[in-house]
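Have the structure open as you read.

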Amino acid sequence: MTTRRPHSIDNDVHPGETTEASPAIDPMVLNSAHWGVFRVASAAGRPIAIVPFERDPKPSPLLEGMVEAYDHPTRIARPAVRKGWLQRGPADSRRERGADPFVEVPWDEALDLVAAELARVKKDHGNSAIFGGSYGWSSAGRFHHAKTQVKRFLNTFGGAVAQVNNYSFGAGMVLLPHVLGSSAMLFGVTTGRRSIAANTELFLAFGGMPSRNTQIESGGPGEHRQESWLRELGKRCRIVNVSPLADDVEGIGSEWWPAIPGTDTALILGLCHTLLAEGLANEGFLASHCHGYDAFAQYLREGRSGASFDADWAATITGFDADRIRTLARDLARSRSFIALSWSLQRADHGEDVFWAAVALAAMLGQIGLPGGGVGFGYGSLHGIGNEVAPFCTPRLDAGANPVGMSIPVARIADLLLGPGARLDYDGSAMTLPKIRLVYWAGGNPFHHHQDLNRLVDAFRQPETIIVHETHWTATARRADIVLPATTTIERDDIGASSTDRYLVSMRRAVDPYAEARDDYAIFTALAARLGIEERFTEGRSDAEWLRHMYEETRHGSALLGVELPDYETFRAQEFAEIAQPPEPVDALAAFRADPQGQPLDTPSGRIELFSETIAGFGYPDCGGHPMWRTPREWLGGPLAGRFPLALISNQPAHRLHGQLDPVGVSKATKIAGREPIRLHPEDARARGVRDGDIVRVFNDRGACLAGVVVSDALRQGVVQMATGAWYDPLQPEVPGGLDVHGNPNVLTHDHGTSTLSRGPAPGNTLVEVEPYRAPPPPITVDHPPQFVPDPRRSGT
């Protein structure tokens with residue numbers, strides 16, 4: 001293992017400097033990660049410091065962990081095979097996954113094993129017995145993007161069962177095309193920050209606008225502007241934060257409405273009913289731009305067994321005063337109002353309804369398409385939302401078509417692995433789940449993303465073989481049979497780009513690949529050669545030739561959109577290209593508002609569908625033809641709260657990206673006795689006899705974990721908050737249901753889909769109890785590599 005040197009974000013690092021203790025610092029090159037653009041100071045082939053991009057006014061502190069992560073003890077040094085699988089192959093007992101030691105093997109042997117196993121499964125069971133898993137946060141670079149690389153490789157090989165949608169806003173991705181004709185408002189063209197800052201008078205933020213999330217952008221933000229925008233917005237706009245957490249809006253003045261988790265739809269329906277009952281709904285807009293309002297209005301009046309969903313009813317669900325709800329509805333009607341929803345709201349039971357109800361509220365106000373008015377999603381969920389950039393063609397690698405033609409919703413992994421032969425209904429279609437024999441995972445860690453990890457442990461026992469590309473020994477890598485070490489972003493050339501950021505970055509390799517790590521393209525090229533598909537996979541191009549090809553496609557496509565980019569050599573020499581801001585502020589659906597006949601939406605009616613005959617026609621019992629209130633499976637108003645009286649908010653962390661960088665940097669510094677922090681309201685802490693710094697057991701019927709207490713009045717009483725992303729560290733790795741000693745909240749969340757319509761993830765409705773942990777806390781093991789043993793085939797063991 002290479003000795004680690006001090007790591008920091010240091011603007012005083014200068015190329016060419018030497019000291020008696022260190023060699024000369026190499027010239028700093030530009031690179032990018034999902035938490036920002038940066039320069040790397042390196043010496044003798046390894047990083048020594050990270051220097052933020054000179055044009056970034058508010059660089060993320062997450063950058064500082066990258067030096068330590070390069071050769072952290074959990075870094076995967078060379079190919080490794082699980083001992084039992086190496087001895088017995090696919091016939092081995094899969095119950096040892098997660099506990100069995102590993103054997104390091106040469107690259108050629110590992111590649112031969114992978115190629116032979118792919119060929120065996122294809123020959124004996126067909127490509128539908130292969131599941132290709134990944135997720136999109138493995139690289140800001142558009143070529144070394146693991147999700148695309150594994151799709152391209154498996155599609156070239158004959159296909160595999162794939163995934164659609166995402167964990168971030170999976171329910172919204174399925175719902176909004178039915179309602180607005182597109183899901184683009186979730187992540188693309190939405191009302192811009194300039195228009196909101198200049199025109200909005202009342203900004204109603206369901207789920208707030210948490211700045212912790214705006215450190216992050218898929219493709220890497222060149223400049224972090226959220227903080228300056230919020231300051232500008234706060235000078236003239238009333239901001240209402242409807243959230244269990246007061247600090248979901250921070251740094252500016254706002255009104256905190258401390259919501260009961262899972263009740264946002266009820267509040268919205270109460271607001272809608274007030275507009276209807278008091279004649280404040282914009283009847284003209286509803287008639288000209290919306291379809292199905294009459295059915296929704298009838299539901300507001302009589303849908304509760306003949307009774308209405310009025311503010312008095314909403315008060316019984318939400319705990320807010322009914323008169324306060326009515327006053328807010330009136331204020332919305334007489335102000336230029338913007339309804340903003342965090343992506344997190346639809347990650348809950350019946351998550352489709354809250355997004356649909358918000359669209360209905362905005363439609364009743366009649367301000368959709370006006371400057372600074374209407375509805376939007378994800379402000380505070382990702383840096384780029386509302387960031388106005390002239391449309392340009394972002395670089396992409398073509399993954400090709402999937403001959404298998406089957407994809408599951410992204411969060412239905414355990415359903416797939418545990419339920420061969422079962423029927424899965426989804427968005428008007430149905431599929432029969434195949435028997436998965438082989439899982440090929442490259443990029444992403446489902447033991448971070450997924451819910452009900454004890455169920456996932458059981459699911460990961462089912463396939464005959466699991467193959468993983470990884471940089472570090474995550475929980476997923478530890479549960480694989482063959483593990484191939486992958487490079488990190490600073491170890492390869494690439495192109496960083498996001499359609500919502502104005503910097504296109506020439507990412508330069510700053511350091512040597514760690515130990516024997518290889519990039520995914522090199523791994524798949526070597527496998528393709530063994531399987532006789534190399535020419536189709538590579539198209540005869542090296543990685544450097546692919547970068548040039550992708551850039552020239554981007555340059556040509558952008559020129560057609562009116563954006564001129566330099567030639568490739570100039571781009572590489574100047575390190576980045578800058579995309580201009582549009583001359584005029586952007587307001588979503590402005591063209592549709594101005595001319596609903598000439599600029600119709602891509603819905604059956606061409607208008608906003610407040611009632612969808614399509615969705616109603618699916619006949620799903622848990623998602624109807626218009627937004628509705630449905631009681632969550634778990635919430636503080638339900639019977640289960642008698643046993644588990646605390647609602648768990650498992651939100652995105654401020655101190656890492658998902659699970660990335662968890663054992664290093666600012667994430668490591670936030671741990672309490674090595675455990676993930678959990679915030680409790682002072683009254684809830686007092687009732688349980690715990691104080692700041694205590695270790696507690698957090699539990700429900702699905703699982704239990706340890707966490708370190710932080711007492712805070714910045715959250716509603718009856719609510720606890722623990723960020724996702726602590727690396728899963730069960731006390732007994734081979735036993736589902738065991739205690740996670742590190743603090744991964746997904747041992748507690750349920751694995752039901754939001755509804756039959758989208759099957760999105762729904763961790764937002766989770767009830768728990770917290771109790772002091774009096775025993776000596778077990779050691780953390782995930783900050784060290786797994787056990788390695790000699791090759792049993794050669795040692796005779």
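This is a predicted model: local features need pLDDT of at least 70, side-chain atom pairs count only at pLDDT 80 or more; totals for chains, interfaces and linings use all residues.

Numbering starts from 1 along each chain as its sequence is written, and side-chain values use heavy atoms, with hydrogens and water left out.

**Overall build**

- The C-alpha trace spans about 80 × 60 × 55 Å along its principal axes.
- You'll find 26 helices and 29 strands in the chain (DSSP runs numbered from the N terminus: H or I of at least four residues for helices, E of at least two for strands).
- Buried residues (under 20% relative accessible area, 1.4 Å probe, protein chains only) make up 64% of the chain.
- Of the contacts (heavy atoms within 4.5 Å) with a separation of 6 or more, 76% are between residues 24 or more positions apart.

**Largest pocket**

- This pocket holds about 1400 Å³ of space (an open set of points on a 1 Å grid over the protein atoms alone, where a 1.4 Å probe fits, with protein on both sides within 12 Å along at least five of seven lines; the volume is the space filled by probe spheres set on the points).
- Its lining (residues with an atom within 4 Å of a point) has 45 residues, with Arg 142, Phe 187, Ser 218, Ser 498 and Ser 499 nearest the centre.
- Helix H4 (146-157) and strand E7 (162-164) each supply at least two lining residues, and H4 gives the largest share, 3 residues.
- By class, the lining has 20 nonpolar, 19 polar and 6 charged residues (nonpolar is Ala, Val, Leu, Ile, Met, Phe, Trp, Tyr, Cys and Pro; charged is Asp, Glu, Lys and Arg; the others, Gly among them, are polar).

**Second largest pocket**

- Here the space is about 660 Å³.
- Among its 32 lining residues, Ser 211, Arg 212, Gln 215, Glu 250 and Ala 654 are closest to the centre.
- Helix H7 (226-236) and strand E25 (677-680) give two or more residues each, and H7 has the largest share with 4 residues.
- The lining splits into 11 nonpolar, 12 polar and 9 charged residues.

**Thr 265**

- Thr 265 sits in helix H8 (residues 264-277) and is buried, at 8% relative accessible area.
- Beyond its neighbours within four places in sequence, Thr 265 contacts Asp 353, Val 354, Ala 357, Met 628 and Trp 629.
- The Thr 265 side chain reaches the backbone nitrogen of Val 354 at 3.5 Å.

Notes: Buried means under 20% relative accessible area, exposed over 50%, partly exposed in between (1.4 Å probe, protein chains only). A polar contact is a pair of N or O atoms within 3.5 Å; within protein, one must be able to donate a hydrogen and the other to accept it, and residues adjacent in sequence count only if both atoms are side-chain atoms.
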